[in-house]
Amino acid sequence: MQKLFIFCAFLCCTNTTNAQFCNYTFKGKISDFHDNSFIVGASIQIMNTNKFTSSNLEGEFLFRNLCEGKLVLEIKHVACDTKRVSFNLTKNTFKEISLEHHLEELKEVLVKTNTKTEITSIEKSLKKEVITQFTDKSLGDALNTISGVSSLNTGNSIVKPMIHGLHSSRLLIINNNVRMFDQEWGDEHAPNIDINSSDRIDVVKGANSLRYGSDAVGGLVLIRSKKHAIIDSLFGSTTTSLNSNGFGGNLNSEIVKTFKSGYYTKFQGNYKRFGDFKAPDYYLTNTGIQSINASFRVGYNSYEKGFDAYYSFVSNKIGILRSSHIGNVSDLVEAINNREPRIVEDFFYDINFPRQNIFHHLAKVEAFKRYKNLGKVSIQLDAQLNRRKEFDLRRGDLRNRPVIDLQLFTTSIQPNLEINKFEDFKINTGLLVRYQNNDAIVNTGANTLIPDYNKYELGTYAILDYNLSETSELSFGVRYDYSKIKARKWYVEADWTALNYDVLFTEFDTGITDSLELLTKPEFTFNNFSTNVGYSKRFGDAYAFLFNYGLSQRMPNPSELFSGGLHHSAARIEFGFLTINKETANKFIMTLEKNNKNFGFSISPYYKQIDGFIQLIPTGIKTTIRGAFPVWEYNQVDARIFGVDIDINKEITNNLDYKGSLSLLQGDDLTNNNPLIHMSSVNFSNKITYTNNDFHQLKIGVSQRTTLQQNRFPDFNFTTLNPVTQQQVFVDISSTPPSYTLFGFNSSAVFYPFKKGSMEVGFNIDNLFNVSYRENLNRLRYFADDLGRNYNLKIKLNY
């Protein structure tokens, strides 16, 4: 009886199971995401089952006799990225599924054309291979290899990029789609970027920068990361660099993990350490550098949707040449007249005072989604925290306290819409909302150079790219930016009156005084309008003509408005003025180029008219309790900058290549009929490279770079009383150093000592003949020569 009961129960369970309804149908259609055309021959499989089929001539497919529950379909096509979709099946169902049918074709187009900022942009790029050569150097050093790009240096470790003679707030630096804000207003404030975290760097010389800001009067530098393939893979590299000059080097390592599902992650870390660097005839005391950098990225990558989260940390400890610390005008005159620094000591690793300590955190989250018959919608949130400490030579309780301590916080949100449903044109439009807070730490024992302030920004833009024909494109863009800045600054009451601020800015006066100082709350609002027009035309397979016009407006930065005191690391007194207004620039640039390996060239003339150009110029000497220091003041003039960049490449033989460049520039102060200060000199370079891919991919190159003396400079020399000798002395701070030519040697070879991966070994020599020279755009040229010969060994392991 018991056995009979068990048998009946078993039959009931079996009948119940068989009673589950498994007669549903699932019908679908597969179409192209772009134009809704049918995709024929796609393979469709229900995961964890043996059911599969393929799409017919109308892109349709059908599954029968399916049970209720969750379906996971995998769709494959030879010209598409594999896609998985999930459905809950509760009835007979029809679904339309889109695939990015032209993926492989688009990747090919991406490599050839769409890498540009805009289709008509005039730009040059540095690939990963070139970036690796500068693994132990700065962003500015790497960009110096591009024609039309120079740098404003403070020694050899602080390098500010310049494009066509313009730098700082006029030059936008975009790090992984985030605009950098790191107190860039200072001449001796270099970008806090580790170039080892990037895979490509683009320099945009033209006007195509409206997506990133209206104030790119000089140009745009884009630090880009690589888009990884959608495969299951784990790879990485480690680069070691050793240098004879500075007896230091660099260690950089990165590892990347990608998944077939589209997810990816990357970690990169870098450590750099140098002691005192050396000019040809002496050590440059207290010029060491210590840098610790790291970055982390995680994201999801597919054609229809994705996200990218990125974080980077930069910590720089930079020594300032000890001899550049002047206590009075006598020190400055002595430095200018003597060929050797006042202080020359033996090599040392320690970084003493004066020095800079900088920390920079950057974080962003970006996500996008594509919609059929519309385009791509994306949104980005980012935040930055920059902490800058500048240390001077001080005694007693103040010895280890910075004289300048600034903390800058910036955050923004940027939604963007890219409409690409039309065949011949694309529209890119977006919005920017940004907030910035500067906190001038007050317990430094010195007056704050830049005060506390809050800054609010709202911007919107629209860019149209239009294909006029198969060989010509037109782009047009407009942008509007609203900016408001609220500051809190103490002024000496006598200065407030002398500058006529008590009449011009009565609304800023709070009526609060303390020891002859007046508390003010300046508040300014700016409305900036910008536009650009670009045109490109291709002739045959090699020739192209590009033209850009841009109107840019730039509001004055906080330094230009509020500076008022001793800038210790610059060893000068700086004054800004509340009467400074915004700049307006009209920019024209064109390029005729031939892209051909056998023989290619690029000729790019440009012209910029800048009304209300803000410049920082020396005006005399001021004596303080710490000594006599040069006084530099901001003022505004009408200016023009014009010139031409020329690049040439030639394949001499199958193994021998030549590259050359020439940059000509002239800057004029139209208001005073003077040359502009700090303009790049005429320079040209040549490089010959021997390549043998059959022998360990051997490369051997010899390079030459010549910089001519800048004979066009404003005369800001002056005579002043030497407080030590009580005599009038002539201070020549305007005359420029003579021309110089530097030669270099570079070589590399690739070996395969392991079963997987490779090892690349490079040996290079900078300043091959150990030439003594001084660069006009190096702020420390008054005090010491530039770097002497350097031997460099690089070893890169790819795994």
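Arginine 712 has a relative accessible area of 33%, so this residue is partly exposed (buried means under 20% relative accessible area, exposed over 50%, partly exposed in between, with a 1.4 Å probe and protein chains only). Its salt-bridge partner is aspartate 668, at 2.6 Å from N to O; a salt bridge here means a side-chain nitrogen of Lys or Arg within 4 Å of a carboxyl oxygen of Asp or Glu. The two sit 44 residues apart, with arginine 712 in the loop between strand 38 (698-707) and strand 39 (718-722), and aspartate 668 in strand 35 (residues 656-669). Strands are DSSP runs of E with at least two residues, numbered from the N terminus. Aspartate 668 is buried, because its relative accessibility is 6%.

Keep in mind that this is a predicted model, where local features need pLDDT of at least 70, side-chain atom pairs count only at pLDDT 80 or more, and totals for chains, interfaces and linings use all residues. Numbering runs from 1 along each chain as its sequence is written, and side-chain values use heavy atoms, leaving out hydrogens and water.

| Salt bridge | N to O distance |
|---|---|
| Arginine 712 and aspartate 668 | 2.6 Å |
| Glutamate 74 and lysine 76 | 3.6 Å |
| Lysine 137 and aspartate 136 | 3.7 Å |

Glutamate 74 is buried at 10% relative accessibility, while lysine 76 is partly exposed at 38%. Likewise, aspartate 136 is buried at 5% and lysine 137 is partly exposed at 26%.

Conventions:
Helices (H or I, at least four residues) and strands (E, at least two) are DSSP runs, numbered from the N terminus.
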